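The paragraphs below lead through a predicted model. Please look over the sequence and the coordinates before reading on.

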Amino acid sequence: FQQILEDLKATFGSKIQLSPADIAEIIGISEGQQANLRSEGRFPIPYTKDAGRIRISVYALAKYLADCCNSD
């Protein structure tokens, strides 16, 4: 987890809240598919809405990526 978090912080700098566009390439799920998964309640990463915009914490993304790597 810690190494993934450090890599993400190196990529995004001081950004803590990321957009679906920010994470699309990292998780391999397009923005449109992310929206579909959220509407179906199947999006695998916790997110919040801020003024109608979807935000994903860099920490939640790191946890998701760490869990994916450990389950293989």
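**Arg-53 and the strands around it**

Arg-53 has a relative accessibility of 55% and therefore counts as exposed, since the cut-off for that class is over 50%. This arginine belongs to strand β3. Its C-alpha atom is separated by 15 Å from that of Phe-43, a residue 10 positions away along the chain.

Strand β3 covers residues 53-57 and is part of an open sheet of 3 strands. The order across the sheet is β1-β3-β2, with antiparallel pairing. The edge positions are taken by β1, residues 17-18, and β2, residues 48-50. Each of these two has a single partner strand, so one side of each is left without a neighbour in the sheet.

The contact between β1 and β3 can be followed at the level of residues. The two strands run antiparallel and are joined by 2 bridges. Which residue of β3 is the bridge partner of Leu-18? The partner is Ile-56.

The backbone of Ala-51 has a positive phi of about 55°, although the residue is not a glycine. Is Ala-51 buried or exposed? With a relative accessibility of 76%, Ala-51 counts as exposed, because the class begins over 50%.

Key
Residues are numbered from 1 along each chain as its sequence is written. This is a predicted model: local features need pLDDT of at least 70, side-chain atom pairs count only at pLDDT 80 or more; totals for chains, interfaces and linings use all residues. Side-chain values use heavy atoms; hydrogens and water are left out. Two strands pair if DSSP finds at least two bridges between them. Helices (H or I, at least four residues) and strands (E, at least two) are DSSP runs, numbered from the N terminus. Buried means under 20% relative accessible area, exposed over 50%, partly exposed in between (1.4 Å probe, protein chains only).
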